[in-house]
Amino acid sequence: MEPIDTRAERREKIAYHLETCFNTINHMLIGYVTFYLSYYSYTRGFGKLFTWHIFLCSVGYQFFMAQSLLTLYPANSWTNRYSTATKRHLHWALQAIGCVAILVGIVIEIYLKEDAGRNHFRSDHAITGLVSLIFIALSILNGIAAMYTVKIKHLIKPVYVKMCHYLTGIVAFVIGMTSLALEYSPRMLSVQHKQMLIAFTTITTALTLIGVCKTMTNQCRNLRQS
């Protein structure tokens, strides 16, 4: 009879290979959606300010924010060879670029609406975008606190700070990607392309969050045992 440890190791290897496979698919979908929206922005012309809103928010969420979440995922193909410290630096760098792109994109849209005398944050797309930006700010604050958990552990357990960082980051990303999907409209895309992009955006959102959700599960398990 095969030893239990051997069977467990085999299951872990199979699970890891499956995660690596899905991670590769995720990168392909992220690349496709990013390229498609970037090309769409290019065809509109970057001489128009609204084009920059589309481009910056799309690239900010779909590429930089997604990649920042994937950097710490053990099955992530392009970061699994790096040390934990390097992964954290990449996470911060990608997230910072994504946040700046999203913020500038939203500010441009606010300016355009103000200039046209239109009301702000009336559509579902605009409201979800604003809510996502708020949670991004909360995630950044929690992330900064997570860097100093050793110094503040007499005030709050490090695991609680990290859990807050994970939760706010997940909410910010999910709502942000939802905001992108809500803007895929017939005036921008054909019905077929709209449905395809919504499907790809949904899939990339789910696959991107696998690593974060696994980490949260482990943290919750450790919290119950402590």
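Helices here are DSSP runs of H or I, at least four residues, numbered from the N terminus. I'm working on a predicted model, where local features need pLDDT of at least 70 and side-chain atom pairs count only at pLDDT 80 or more, while totals for chains, interfaces and linings use all residues. Residues are numbered from 1 along each chain as its sequence is written, and side-chain values use heavy atoms, with hydrogens and water left out.

**Thr-51**

I looked up Thr-51 and found it in helix H2, residues 49–70. Its relative accessibility is 0%, so I put it down as buried (under 20% relative accessible area, 1.4 Å probe, protein chains only). Skipping neighbours within four places in sequence, I get contacts (heavy atoms within 4.5 Å) from Thr-51 to Ser-41, Arg-44, Gly-45 and Phe-46. With Arg-44 there is also a side-chain to side-chain polar contact of 3.3 Å (a pair of N or O atoms within 3.5 Å, one able to donate a hydrogen and the other to accept it; residues adjacent in sequence count only if both atoms are side-chain atoms).

**Thr-204**

Next I checked Thr-204, which sits in helix H7, residues 191–208. Thr-204 comes out at 1% relative accessibility, so this one is buried as well. Which residues does Thr-204 contact, leaving aside its neighbours within four places in sequence? I noted Asn-26, Leu-29, Ile-30, Gln-62 and Met-177. The side chain of Gln-62 makes a polar contact with that of Thr-204, at 3.4 Å.

Note on methods
Helix = DSSP H or I, 4+ residues; strand = E, 2+ residues; numbered from the N terminus. Buried < 20%, exposed > 50% of the residue type's maximum accessible area, 1.4 Å probe, protein only.
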